[in-house]
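Let's walk through this one together, starting with the whole chain and then zooming in. Keep the viewer open as you read.

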Amino acid sequence: MYLKEGCSLLLKVRKPSIPFVLNTAPILNPTCNNEANLNPHLVKECDVLRRLRHESDITLALEYFKSIANSKSFKHTPLTYQVMIEKLGRGAEMDGVQYLLQQMKLDGISCSEDLFISVINSYRQSGAAEQALKTFYRVQDFGCSPTVKIYNHIFDALLNEDRFHMINPIYSNMKKDGLEPNVYTYNILLKALCKNNRVDGAHKLLVEMSNKGCSPDAVSYTTIISCMCNLGKVKEARDITNRFPPIVPVYNALINGVCRESNIEEAFELLNEMMNKGIGPNVITYTTIINALSDAGNIHSSLPFLALMFKKGCGPNIHTFTSLIKGFFLIGKSYEALDMWERMMEEGIYPNVVSYNSLIRGLCSVGNVRKAVSVFNQMERSGFSPNVTTYSTLIDGFAKAGNLVGATETWNDMITHGCHPNVVAYTCMVDVLCRNLMFDQAHCLIQNMVMENCPPNTITFNTFVKSLCGSGRVDWAIKLLDLMEENGCLPNITTYNEILDGLVKENNFTLAFGVVKEIEERGLKLNLVTYNTMIHGFCCAGMLEEALKVVGKMLVGGLKPDAFTFNIIINAYCKNGKVEFAIKLLDAMSAAGWCPDIVSYTSLICGLCEFDSLEEANVYLHRMLKEGTVPNVAIWNVLVRFLFSKVGFSEALIFLDNILDG
């Protein structure tokens with residue numbers, strides 16, 4: 001795997017919990033001893049709170065908390081317990097939190113609503129919603145009654161981990177307890193339903209809110225509108241917005257929805273509608289449109305929106321500039337992208353990890369890996385830790401540049417810094433090894449993925465399969481199909497197309513037909529690439545009739561041939577001396593709305609010259625020039641060779657002059 005000697009995958013280990021011991025002699029540091037002994041009866045609550053809040057070391061804070069109680073100089077209050085419990089919760093020391101809750105119970109101190117909510121939120125941040133729920137069920141043991149606010153935080157903790165099935169029963173219990181949900185409750189429930197794509201349920205909940213006299217707010221409507229737009233129900237979402245006063249977040253959700261459908265014109269309409277209603281677009285509105293235009297490769301249309309933002313006093317943010325930088329790179333304008341980066345800095349907007357990753361990805365996409373490495377180094381100097389996306393992007397950049405050493409060093413750097421590779425990073429590294437024909441090492445890396453509990457996906461295997469087939473190792477690629485299934489990763493049409501291409505190049509049509517049959521048996525649809533691969537293979541093998549049968553099957557299957565299909569057949573006809581059929585096909589191609597390209601004309605003109613049809617070749621040459629297609633070297637070579645061999649030097653020059661003058 002080309003890891004540096006001594007390197008291994010370093011997994012983050014959870015730090016051990018702080019131990020608790022009941023009724024033991026206090027462990028005092030000198031400061032604690034002096035404070036307790038010098039003023040045994042004068043330690044005030046405010047002094048204890050100040051000490052606990054200002055102590056950054058959680059272990060020392062806990063030692064002080066225990067020692068001050070054991071010294072008999074101070075009896076902890078609800079407030080000191082709350083401060084210590086919140087400090088432990090922020091440090092994810094949940095065993096300590098449970099211990100202090102029990103200690104409060106023993107001391108006869110009731111747990112306040114705010115403290116109990118703090119405990120629930122600590123479990124939420126630790127990703128332990130189920131434990132939060134167990135603690136909630138014991139709320140009365142700690143002298144606290146469940147409230148709507150506590151229920152809301154429990155719902156939020158469960159929602160955070162997508163535990164939808166737990167929310168509804170608890171909501172039913174809440175109503176049985178006689179507690180009326182408030183707008184925050186409903187908004188959390190709406191979000192839960194929407195995250196579970198239950199839009200109908202969300203609609204019913206909106207009705208329930210109104211019936212209960214709890215008016216939906218901006219969050220309620222924005223949640224449901226965003227969900228509908230994400231599900232592609234933009235028209236229905238727009239109908240709902242007519243039922244309540246429009247607000248900026250709802251318009252933003254609608255604009256985001258139409259932009260996701262690449263309906264930029266409708267986004268413009270919504271923007272104008274906002275302005276006509278006196279609703280001022282915010283930075284999210286403008287950035288959504290700018291991002292959509294940039295993704296569509298229409299970066300120059302997005303620049304007026306940037307100017308409009310400045311004109312309206314709506315300053316762009318890091319996401320706005322990141323979208324613009326990405327857009328410039330998408331059309332290969334690296335200098336403009338770097339200028340935009342500099343402008344961003346001049347505006348006082350400093351990059352984050354996401355923007356650095358976008359810049360590195362953009363530079364790699366235009367082949368400027370050296371500059372990408374420079375930005376990577378700048379990122380580290382600025383105090384940002386590269387993440388797995390950063391490393392994956394660089395490895396992919398090195399792979400496409402054919403730089404095995406650079407990719408390997410980046411991989412080693414990632415491992416050394418304790419950044420565990422994900423499936424994308426592994427796949428990029430597999431690609432590097434395959435590009436350097438190191439198939440054994442690539443295979444070992446895929447096996448390592450399984451051992452490291454990072455199973456390869458279809459893209460990983462397709463990367464390997466493509467390289468094997470391109471290098472004439474189709475036999476190995478076919479064996480990989482079984483390994484894919486062993487790892488629960490089913491081959492897709494791309495996998496089979498790569499294998500099919502490899503078999504066709506070897507003229508192994510028997511196995512190729514077997515692959516096509518397997519594709520159909522698996523219920524996968526043969527796509528245009530599949531058909532074109534077979535057609536091209538048959539044509540290259542001189543089996544034109546079989547190629548035409550595949551074209552027929554494609555048409556019956558409802559797929560239209562593309563320019564590549566036509567060009568394969570035209571070229572095959574010309575090589576087989578059937579130029580008249582090639583001409584008919586080219587004319588039919590034009591009549592069907594397909595524009596013949598340089599490949600079509602090259603095949604036809606070369607074929608006509610090959611069979612002494614200079615006049616017809618001249619017709620199609622002029623037609624090509626009239627359509628604005630410039631003849632390539634192959635066409636000029638065949639014309640010159642044909643003319644000099646057939647009509648002599650002088651006549652050939654006259655003929656070529658006439659063509660150029662025409």
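Among contacts in the protein chain between residues at least 6 apart in sequence, what percentage join residues at least 24 apart? The figure is 61%, with contact meaning heavy atoms within 4.5 Å. Before going further, some ground rules: this is a predicted model, where local features need pLDDT of at least 70, side-chain atom pairs count only at pLDDT 80 or more, and totals for chains, interfaces and linings use all residues. Residues are numbered from 1 along each chain as its sequence is written, and side-chain values use heavy atoms, leaving out hydrogens and water.

The protein chain has 37 helices and 0 strands; these are DSSP runs numbered from the N terminus (helices are H or I with at least four residues, strands are E with at least two). Of the 662 residues in the chain, 46% are buried. Here buried means under 20% relative accessible area, exposed means over 50%, and partly exposed is in between, using a 1.4 Å probe and protein chains only.

Now look at how some helices pair up. The axes of helix 14 and helix 16 (residues 283-295) come within 9 Å and cross at roughly 5°. Those axes are lines fitted to C-alpha atoms over the stretch in contact, and angles run from 0 to 180 degrees between N-to-C directions. The crossing makes helix 14 roughly parallel to helix 16 (that label covers angles under 35 degrees). On the helix 14 side, the contact uses Val248, Asn252, Ile255, Asn256 and Cys259, while helix 16 brings Ile284, Thr285, Thr288, Ile289 and Ala292. By class, that contact has 6 nonpolar, 4 polar and no charged residues. For the classes, Ala, Val, Leu, Ile, Met, Phe, Trp, Tyr, Cys and Pro count as nonpolar, Asp, Glu, Lys and Arg as charged, and the others, Gly among them, as polar.

Further along, the axes of helix 20 (residues 353-365) and helix 22 (residues 388-400) come within 9 Å and cross at roughly 5°, which means helix 20 is roughly parallel to helix 22. The contact of helix 20 with helix 22 has 3 nonpolar, 5 polar and 1 charged residues. From helix 20 come Asn357, Ile360, Arg361 and Cys364, meeting Thr389, Thr390, Thr393, Leu394 and Gly397 in helix 22.

Next, the second largest pocket, which holds about 330 Å³ of space. A pocket is an open set of points on a 1 Å grid over the protein atoms alone, where a 1.4 Å probe fits, with protein on both sides within 12 Å along at least five of seven lines; lining residues have an atom within 4 Å of a point. The lining has 14 residues, with Ile167, Asn168, Leu189, Leu193 and Arg198 nearest the centre. Helix 9 (164-176) gives the most, with 5 residues, and helix 10 (183-195) and helix 11 (199-211) each supply at least two. The lining divides into 7 nonpolar, 4 polar and 3 charged residues.

In the loop between helix 10 and helix 11 sits asparagine 197, whose phi is near 60°, a positive value in a residue other than glycine. Leucine 437 also has phi near 60°, and sits in the loop between helix 24 (423-435) and helix 25 (439-451). At 56% relative accessibility, leucine 437 is exposed.

To finish, asparagine 152 lies in helix 8 (residues 148-160) and counts as buried because its relative accessibility is 7%.

Notes:
Points joined across faces, edges and corners; volume = space filled by probe spheres on them. Parallel < 35°, antiparallel > 145°, perpendicular 65-115°, else oblique.
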